[in-house]
Amino acid sequence: MRFRHRAAAGFATLLLPLAGLVGLTGPAQAAADSSAATATYAKASDWGTGFEGRWTVKNTGTTAISSWTVEWDFPSGTSVTSAWDADVTSSGAHWTAKNKSYNGAIAPGASVSFGFNGAGTGSPSNCKLNGGGCDGTTVPGDAAPSAPGTPTASAVTDTSVKLAWSAATDDKGVKNYDVLRDGSKVATVTTTSYTDTGLTAGTDYSYSVRARDTADQTGPAGGAVSVHTTGGGTNPPPTTGDKVKLGYFTEWGIYGRNYNVKNLVTSGSAAKITHINYAFGNVTNGQCAIGDSYADYDKAFTADQSVSGVADTWDQPLRGNFNQLRQLKAKYPHIKVLWSFGGWTWSGGFAQAAANPAAFAQSCYNLVEDPRWADVFDGIDIDWEYPNACGLSCDTSGAAAYKNLMQALRAKFGTGNLVTAATTADGSSGGKIDAADYAGAAQYVNWYNVMTYDFFGAWAAQGPTAPHSPLTSYSGIPTAGFTTADAMAKFKAKGVPASKLLIGIGFYGRGWTGVTQDAPGGTATGPAAGTYEQGIEDYKVLKTSCPATGTVAGTAYAKCGSNWWSYDTPATIAGKMTWAKNQGLGGAFFWEFSGDTASGELVSAISNNL
């Protein structure tokens, strides 16, 4: 029940396949300079009066590049209207794109991409990369400054904090420093200290610093320090608009993974989400049931493990994860928590539940609204894998069973509670989306968590290697319709409103071993080794053990030795969030918190770009 397997997905007409992008400029032979690099442009899609463009910067040299700047000219009438993964500015017809803090460094042989939406019909010309040619023949050797030290925080009050950091180094000299609060610049200073004011009492913030040299090259950000301002009893809700930002918290994560509810606070993630799905409750004997009573409401957390900083006692009425979630909601009252039932392992119980939907709904209501923890939960999530189709087992309840089940749940839980569901993303013809009445059930749910990941993996032990969460189709995709775009298109074609569809992000990668080919489509001998399960590894591990070297269908991939992995990074998540906004989707969700870094960089990528 750790992961949802084969949540299959298509919509090749929404966006052109990435493999079909037409490069309007191509890289020439790179020079022998150790810092050589190229910049190439491609038009991802074109709708007549506008287009989506994408630049790719590749390090063709033998030493790492710490930052990059791409410049180009557009003809009159053509302009950039929005951009992602780069800071894009203009002076007349001349456009400049500089790296973000998270994607400036490029290892030898690696590449990064940024994109933009444009108005007009023109193409770029007079390209420059770091002041030299985009074909790799003339790249200046001046290095960007190093990362400054991690800031230290002092004099923390309700509304201010003093920060200090060790200086960065640069061959030409450091000119100034950008102070970043939660990833956004709040000040530029010439000293190695800064006092940030105007903060909110009782609120979590994250600070880091980056340097700029006398040649106006910006280096990478240093480490981040977390700050919690004094006062306030609670944190105000973040500015989220109407977009859902939901993460799954697994009850078993408190064991081997040692990931507690408190980690949502220390990582800064709690301030950046709107909802939590607590996974999983069991479905058995036609009823909702407790999944793990010890983890749910019995385990005693020590003071250092507790959100409140106070240890549980032997005689308190409620302990375990439920009490920790209660403490989290007291600290972050904007967060809504849903209890998710089913999952890969426990979906076999839904067949009996579907035989008497009213009785099932009553049992779920009684459990979720148990007086011991009724204040913890704001609704119920159903994770049936899969109605009238096959998952761990095969269901034959019929196409109407799913609608009937969701109707009964809404009738029992009423309009004051959330009723949501995780769904397949199989957009293939005659696939899992076609097997059940998702459109009919949509009127009873607040939204669907469309599991747009696990399309491909090492259950196909010999490959071909493929991204497990492709956004769009591409040349050579193993199964047509197994993409995010195809799934969303099929749901919308059946009448499910886009606002009730959430895009799914996996905070992990899937991989094979015995692979000799760098690009997708290679053969393999089996699953790559994983910490908890063969063929799966957390993003926080893969980020350093096998850094991404390329992207396909909006998803990163890398080959390290004989292992081949695909996973999402902050950069690819930014692209997917932009796509989701353009499609009018209701938001995003992810599986699951513990796969992220200690600083919550993937959650930040979702929040910042959605």
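Student: What should I know before I start?

Tutor: The model is predicted, so local features need pLDDT of at least 70 and side-chain atom pairs count only at pLDDT 80 or more, while totals for chains, interfaces and linings use all residues. Residues are numbered from 1 along each chain as its sequence is written, and side-chain values use heavy atoms, with hydrogens and water left out.

Student: How many salt bridges are there by the rule used here?

Tutor: The rule asks for a side-chain nitrogen of Lys or Arg within 4 Å of a carboxyl oxygen of Asp or Glu. Here that gives 16 salt bridges. One of them pairs aspartate 178 with arginine 210, at 3.0 Å from N to O. Aspartate 178 sits in strand E13 (residues 174-181) and arginine 210 in strand E16 (residues 204-213), so this pair ties together parts 32 residues apart in sequence. Strands (E, at least two residues) and helices (H or I, at least four) are DSSP runs, numbered from the N terminus.

Student: Is aspartate 178 buried or exposed?

Tutor: Buried means under 20% relative accessible area, exposed means over 50%, and partly exposed is in between (1.4 Å probe, protein chains only). Aspartate 178 is buried, at 1% relative accessibility, and arginine 210 is buried too, at 12%. Look around them as well: Asp178, Arg210 and Arg212 are linked in a network of salt bridges.

Student: Which residue does arginine 326 meet in a salt bridge?

Tutor: Its partner is aspartate 375, at 2.8 Å from N to O. Arginine 326 is in helix H3 (residues 320-331) and aspartate 375 in the loop between helix H6 (357-368) and strand E22 (379-383), so the pair links distant parts of the chain, 49 residues apart. Arginine 326 is partly exposed at 27%, as is aspartate 375 at 44%.

Student: What should I expect of the backbone?

Tutor: Most residues other than glycine have a negative phi, and most peptide bonds are trans. Now for some cases to look up. A cis peptide bond joins alanine 279 and phenylalanine 280, with omega about -5 degrees, and phenylalanine 280 lies in strand E19 (residues 275-284). Another cis bond runs from tryptophan 591 to glutamate 592, with omega near -20 degrees.

Student: Where is aspartate 85 placed?

Tutor: Aspartate 85 is in the loop between strand E5 (79-84) and strand E6 (86-91). Its phi is positive, near 65 degrees, and the residue is buried, at 4%. Aspartate 182 also has a positive phi, about 55 degrees, but is partly exposed, at 28%.
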